[in-house]
Amino acid sequence: MDAISAQIERELIERDELLNRVDDTTRAYLLSCEDRDPYYITRIIKNRDDILFEQQRQGK
């Protein structure tokens, strides 16, 4: 598996994990946003990861 395929697979797994953790209403909202913007959920995950990294860096 090349690097791009591995990245896409990782993003799909993270997307599924996020969708499995939220309630039905939130899941429906996220999926409707993704219909308009295919990278909506991916950006949420990246922003979450950036926030967590920054918090760890600051020792929170």
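Predicted model: local features only at pLDDT ≥ 70, side-chain atom pairs only at ≥ 80, totals over all residues.
**Exercise 1. Which residues does Leu-30 touch, not counting residues up to four places away in sequence?**

- Once residues up to four places away are set aside, Leu-30 touches Leu-18, Leu-19, Val-22, Tyr-40, Ile-41 and Ile-44.
- Next, look for the nonpolar core: Leu-30 belongs to the largest one, together with Leu-18, Leu-19, Ile-41 and Ile-45, five residues in all.
- Then assign the core to helices: α1 and α3 each supply at least two of its residues.
- As background, nonpolar side chains in soluble globular proteins tend to be buried together.

**Exercise 2. Find where the axes of α1 and α2 cross, at what angle, and which residues make the contact.**

Solution. Take the helices as residues 3-21 for α1 and residues 24-36 for α2.
- Their axes come within 9 Å and cross at roughly 145°.
- On the α1 side, the contact is made by Arg-15, Leu-18, Leu-19 and Asn-20; on the α2 side, by Arg-27, Leu-30, Leu-31 and Glu-34.
- Sorted by class, this contact has four nonpolar, one polar and three charged residues.

**Exercise 3. Is α1 roughly parallel or roughly perpendicular to α3?**

Solution. Begin with the axes of the two helices.
- The axes of α1 and α3 come within 10 Å and cross at roughly 85°.
- Angles of 65 to 115 degrees count as roughly perpendicular, so α1 is roughly perpendicular to α3.
- From α1, Glu-11, Glu-14, Arg-15, Leu-18, Leu-19 and Arg-21 take part in the contact; from α3, Ile-41, Thr-42, Ile-44, Ile-45, Arg-48 and Asp-49 do.
- By class, five of the residues in the contact of α1 with α3 are nonpolar, one is polar and six are charged.

**Exercise 4. Classify Glu-34 and Asp-49 as buried, partly exposed or exposed.**

Solution. Treat each residue in turn.
- Glu-34 is in helix α2. Its relative accessibility is 16%, and the cut-off for buried is under 20%, so Glu-34 counts as buried.
- Asp-49 is in helix α3. With a relative accessible area of 32%, Asp-49 is partly exposed.
- For a distance check, Asp-49 and Ile-8 are 41 residues apart in sequence and 16 Å apart in space, C-alpha to C-alpha.

**Exercise 5. Where in the protein chain is confidence lowest, and where is it highest?**

Solution. Take the chain average, then the helices.
- The protein chain averages a pLDDT of 91, and 97% of the residues score at least 70.
- Confidence is lowest in helix α3 (residues 40-58), at a mean of 89, and highest in α2, at 95.

Conventions
Residues numbered from 1 in each chain as written. Heavy atoms only, no water. Axes fitted to C-alpha atoms, helices over the stretch in contact; angles between N-to-C directions. Helix = DSSP H or I, 4+ residues; strand = E, 2+ residues; numbered from the N terminus. Contact = heavy atoms within 4.5 Å. Nonpolar A, V, L, I, M, F, W, Y, C, P; charged D, E, K, R; others polar. pLDDT = per-residue confidence, 0-100. Parallel < 35°, antiparallel > 145°, perpendicular 65-115°, else oblique. Core = buried A, V, L, I, M, F, W, Y, C linked by side-chain atoms within 4.5 Å. Buried < 20%, exposed > 50% of the residue type's maximum accessible area, 1.4 Å probe, protein only.
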